[in-house]
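Visitor: I would like to go through the place where two chains meet. Please keep it plain.

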Number of protein chains: 2
Amino acid sequence: MKQNRYDDPVFFEQYSQMARSQQGLAGAGEWLALRQMLPENLTGMRVLDLGCGYGWHCRYLMEQGAKRVLGIDLSHRMLERAAEINQLPGITYRQAAMEDLRFPPQSFHLIVSSLALHYTPDYRLMVRRMARWLRPGGQLVLSMEHPVFTAQGPQDWVYGPDGEIRHFPVDHYFSEGAREAVFLGQQVTKYHRTLTTCVNALLEAGLTLRQLVEPQPPTDMLSLPGMADELRRPMMLLLAAEKPL
Amino acid sequence: MKQNRYDDPVFFEQYSQMARSQQGLAGAGEWLALRQMLPENLTGMRVLDLGCGYGWHCRYLMEQGAKRVLGIDLSHRMLERAAEINQLPGITYRQAAMEDLRFPPQSFHLIVSSLALHYTPDYRLMVRRMARWLRPGGQLVLSMEHPVFTAQGPQDWVYGPDGEIRHFPVDHYFSEGAREAVFLGQQVTKYHRTLTTCVNALLEAGLTLRQLVEPQPPTDMLSLPGMADELRRPMMLLLAAEKPL
């Protein structure tokens with residue numbers, strides 16, 4: 001049974017209040033970094049978005065010239081919302097667990113997955129499959145929680161006696177597997193992997209690494225509450241890879 | 001003036017007591033991981049070792065069939081010792097700061113640098129130069145301290161009231177630059193970079209990433225004092241890259 005926290009009404013309601021839910025891509029701190037990792041010209045591309053959520057990336061990709069975008073999410077609440085606010089001709093939304101997907105080899109020119117892969121227990125398997133689903137010359141653009149952020153488990157700072165942030169704790173780094181984190185007030189299972197696994201899984205699947213980026217908050221967001229603390233530890237890892245011709 | 005802590009007699013004496021100094025490669029926890037990143041066949045290769053220390057890698061590379069190995073180190077005490085214990089025909093040891101080196105393009109088939117690059121203030125510049133010094137198809141194999149290990153500065157655990165290790169602290173991650181760490185009882189300046197910089201500098205220099213490895217202690221060393229704690233945070237980053245043909 002795949003974890004489907006986003007169909008929990010309370011969790012979904014909380015999620016819908018986040019900046020990235022209300023403002024779309026403009027409310028996501030990593031979007032500037034992720035956007036420049038996408039191919040410059042999307043004309044005619046068939047695209048897969050694994051963990052599409054509200055469909056903001058699907059809309060963007062379509063508007064940039066993609067021919068068809070298939071958005072996959074485990075949560076039907078997410079997809080209902082996507083159909084309401086981000087439906088365009090050429091976009092198909094489908095409810096599925098990413099592990100259950102099957103496509104013929106070389107089905108897509110581009111595969112995007114934003115903040116979804118830390119929910120799968122088998123990252124290596126998903127990477128191998130995504131590599132197979134890509135056409136030669138195809139691009140893979142992924143974001144996930146950073147191994148520094150997932151290693152210990154609770155994903156919270158260490159605080160001093162006056163509630164001030166002291167530092168971010170790292171522990172159990174080389175012990176890969178499930179972590180119980182608290183996200184939007186709910187217990188959520190995420191999977192920690194080392195950076196070695198995150199990167200080498202791509203290389204072992206025959207892909208070429210194009211870019212690795214740990215996004216920093218854009219300068220114009222640094223004045224927002226808590227945002228300067230995001231310079232104290234990496235929270236996300238962005239990877240762009242290419243399937244050789 | 002380049003920092004030359006290894007020519008400080010007290011520091012050098014301390015360093016000479018470390019397992020990696022006394023036992024050579026067998027005493028270095030990361031050696032197994034690093035060795036498998038080297039080319040399988042070194043026959044006829046011209047090799048550069050940046051920060052060769054006692055010359056253990058130079059000896060190994062020569063014994064594996066390299067034609068010539070040039071070992072560079074800033075410390076003449078290190079090189080004196082290398083000449084005593086790891087001198088073989090074909091090996092040249094030379095005292096220099098890595099930033100002062102100049103070679104014609106395509107001078108080497110292989111460039112190795114073990115735990116030296118976190119001492120240079122300009123990693124990107126050194127990577128660009130190394131890429132230029134490599135022949136097409138040439139290999140670069142690097143080890144350095146891990147960004148998790150260098151970020152905060154002091155490079156020490158956070159301890160509980162009974163002296164037990166609680167976790168490893170990460171802070172100032174996105175603030176690249178000098179850190180004052182304590183190593184073998186002495187103040188040493190090291191340079192912190194993000195993982196983004198460590199990896200993308202290679203890609204931006206036109207190299208292809210072959211492997212990224214955060215080495216774990218070998219199983220047979222886990223019973224040594226303190227070694228199991230090395231599973232709690234990454235301390236080293238190993239990178240192998242190739243110059244396209």
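Guide: A polar contact is a pair of N or O atoms within 3.5 Å; within protein, one must be able to donate a hydrogen and the other to accept it, and residues adjacent in sequence count only if both atoms are side-chain atoms. This is a predicted model, in which local features need pLDDT of at least 70, side-chain atom pairs count only at pLDDT 80 or more, and totals for chains, interfaces and linings use all residues. Residues are numbered from 1 along each chain as its sequence is written, chains are lettered from A and ligands numbered from 1 in the order in which they are written, and side-chain values use heavy atoms, with hydrogens and water left out.

Visitor: How many residue pairs are in polar contact across the interface of chain A and chain B?

Guide: Both residues of a pair must be at pLDDT 80 or more. Under that rule, the number of pairs across the interface is 21.

Visitor: Which strand of chain A gives the most residues to the side that touches chain B?

Guide: Strands (E, at least two residues) and helices (H or I, at least four) are DSSP runs, numbered from the N terminus. Strand 7 (165-170), helix 8 (195-204) and strand 10 (208-213) of chain A each supply at least two residues to that side. The one that gives the most, with six residues, is strand 10.

Visitor: What is the bridge partner of Pro169(A) in strand 7 of chain B?

Guide: Two strands pair if DSSP finds at least two bridges between them. Strand 7 of chain A and strand 7 of chain B pair in the antiparallel sense, over three bridges. The partner of Pro169(A) there is Pro169(B).
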